Amino acid sequence: MSNHQKRLSAPNEWPIERKESTFTVKAGAGPHGEAGVPLLIVLRDVLGYVDSKKEARYALDNDSVLVNGVAESDEARPVGMFDILAFREREEFFRVFPGEGGRLALTAIDEESASSRLGKVAGKTQVSGGSFQYTLHDGTTLQTDEGEYAGKDSLVVDNETKEVVAHFPYEEGALVTAVDGAHSGEIGTLEEISVTPGSGANGVTVSREDDEEFETVEEYVVVIDENFTDGGED
């Protein structure tokens with residue numbers, strides 16, 4: 001199997017130039033599915049911290065790059081929505097955030113904000129012993145005794161302990177961001193959830209701070225917290 005990915009056929013979320021060259025690195029197995037952006041692309045094409053795969057491997061071998069609190073050694077590791085990137089030597093921290101057109105972008109945050117990450121609940125099952133297992137939007141799972149979390153809710157997970165430190169229910173009045181579609185990256189208040197009969201996707205209406213509204217499908221919005229949008233800066 002090839003280790004290369006044609007730029008023109010790469011997922012829309014990848015922040016790369018399509019016509020710069022024919023190939024780019026292929027994402028390895030891991031979280032976020034096909035939408036995950038290889039870490040090498042973030043280091044080389046987005047941040048410009050390295051010029052080649054060799055330089056990226058050197059940095060990763062020195063445990064200087066952390067993804068969600070864990071030192072990463074694989075340059076093909078997929079990085080995606082709401083992941084936290086930390087660069088120890090530079091003392092720089094970023095959150096992966098949806099940008100215009102659904103392309104992933106990086107938002108600078110402070111060290112305290114980098115200690116946890118946001119996850120959208122995509123699945124919930126009860127396991128033996130009465131605990132609950134939750135699957136997040138990136139495919140990772142966590143187990144807890146708390147059974148109050150529901151699908152589409154958002155959880156803030158501590159990167160070190162892997163424990164849930166905050167819970168934001170999916171409901172009207174919640175602060176949300178669009179992560180896909182024409183309004184990707186826009187933030188506002190969830191004003192209305194319109195339930196569609198049958199198998200059609202539910203719709204939502206979101207009001208922005210400028211008093212403008214936009215409509216999108218339910219699966220394109222994620223509940224966030226006000227502190228989440230400003231990176232924790234004063």
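F82 is buried, with a relative accessible area of 0%; buried here means under 20% relative accessible area, exposed means over 50%, and partly exposed is in between (1.4 Å probe, protein chains only). F82 also has a positive phi of about 75°, although F82 is not a glycine. This is a predicted model, where local features need pLDDT of at least 70, side-chain atom pairs count only at pLDDT 80 or more, and totals for chains, interfaces and linings use all residues. Residues are numbered from 1 along each chain as its sequence is written, and side-chain values use heavy atoms, with hydrogens and water left out.

- As background, most residues other than glycine have a negative phi, and most peptide bonds are trans.
- F82 sits in the loop between β6 (78-79) and β7; strands (E, at least two residues) and helices (H or I, at least four) are DSSP runs, numbered from the N terminus.
- D211 is another non-glycine with a positive phi, about 70°, and D211 lies in the loop between β17 and β18.
- Is D211 buried or exposed? At 70% relative accessibility, D211 counts as exposed.

**The nonpolar cores**

- A nonpolar core is a set of buried Ala, Val, Leu, Ile, Met, Phe, Trp, Tyr and Cys residues joined through side-chain atoms within 4.5 Å.
- The largest one has 36 residues, and the members touching the most others are L39, L43, F82, L85, L118 and V206.
- At least two residues of this core come from each of α1, α2 (53-61), β4, β7, β8 (92-98), β15 (175-178), β17 (203-207) and β19 (221-223).
- α1 gives the largest share of this core, five residues.
- Another core, of eight residues, lies apart from it and includes V121, Y134, Y149 and L155.
- In general, nonpolar side chains tend to be buried together in soluble globular proteins.

- Which strands does helix α1 lie across? Helix α1 (residues 39-46) lies across β4, β7 and β9, and runs at about 125° to β4. Contact means heavy atoms within 4.5 Å; axes are lines fitted to C-alpha atoms, for helices over the stretch in contact, and angles run from 0 to 180 degrees between N-to-C directions.
- L39, L40, I41, V42 and L43 of α1 are buried.
- After α1 comes G48, with a positive phi near 70°.
- Five strands make an open sheet in the order β5-β4-β7-β8-β9, with antiparallel pairing; two strands pair if DSSP finds at least two bridges between them.
- At the edges are β5 (70-71) and β9 (104-109), each pairing on one side only.
- Strand β4 (residues 65-67) and strand β7 (residues 84-87) are antiparallel and share three bridges, with V67 opposite L85 in β7.

**The other five-strand sheet**

- What is the order of the strands in the open sheet that holds β18? The order is β18-β17-β16-β15-β19, and the pairing is antiparallel.
- Its edge strands, β18 (213-217) and β19, each pair on one side only.
- From one strand to the next, the twist averages 45°.
- β15 and strand β16 (residues 187-194) run antiparallel and are joined by three bridges; T177 has I187 in β16 as its bridge partner.
- G173 is in the loop between β14 (164-168) and β15, and G173 counts as exposed at 56% relative accessibility.
- G173 and G188 are 15 residues apart in sequence, and their C-alpha atoms are 9.5 Å apart in space.
- Leaving out residues up to four places away in sequence, G173 touches T189 and L190.

- Strand β11 (residues 132-136) has F132, Y134 and L136 on a covered face, with Q133 and T135 on an uncovered one.
- Strand β10 (residues 116-126) runs antiparallel to β11, and five bridges join them; V121 stands opposite L136 in β11.
- The hairpin of β10 and β11 has five residues between the strands, and there G129 takes a positive phi near 95°.
- On to the next pair: β11 and strand β12 (residues 141-144) are antiparallel over four bridges, and T135 stands opposite T141 in β12.
- Four residues lie between the strands in the hairpin of β11 and β12, where G139 takes a positive phi near 95°.
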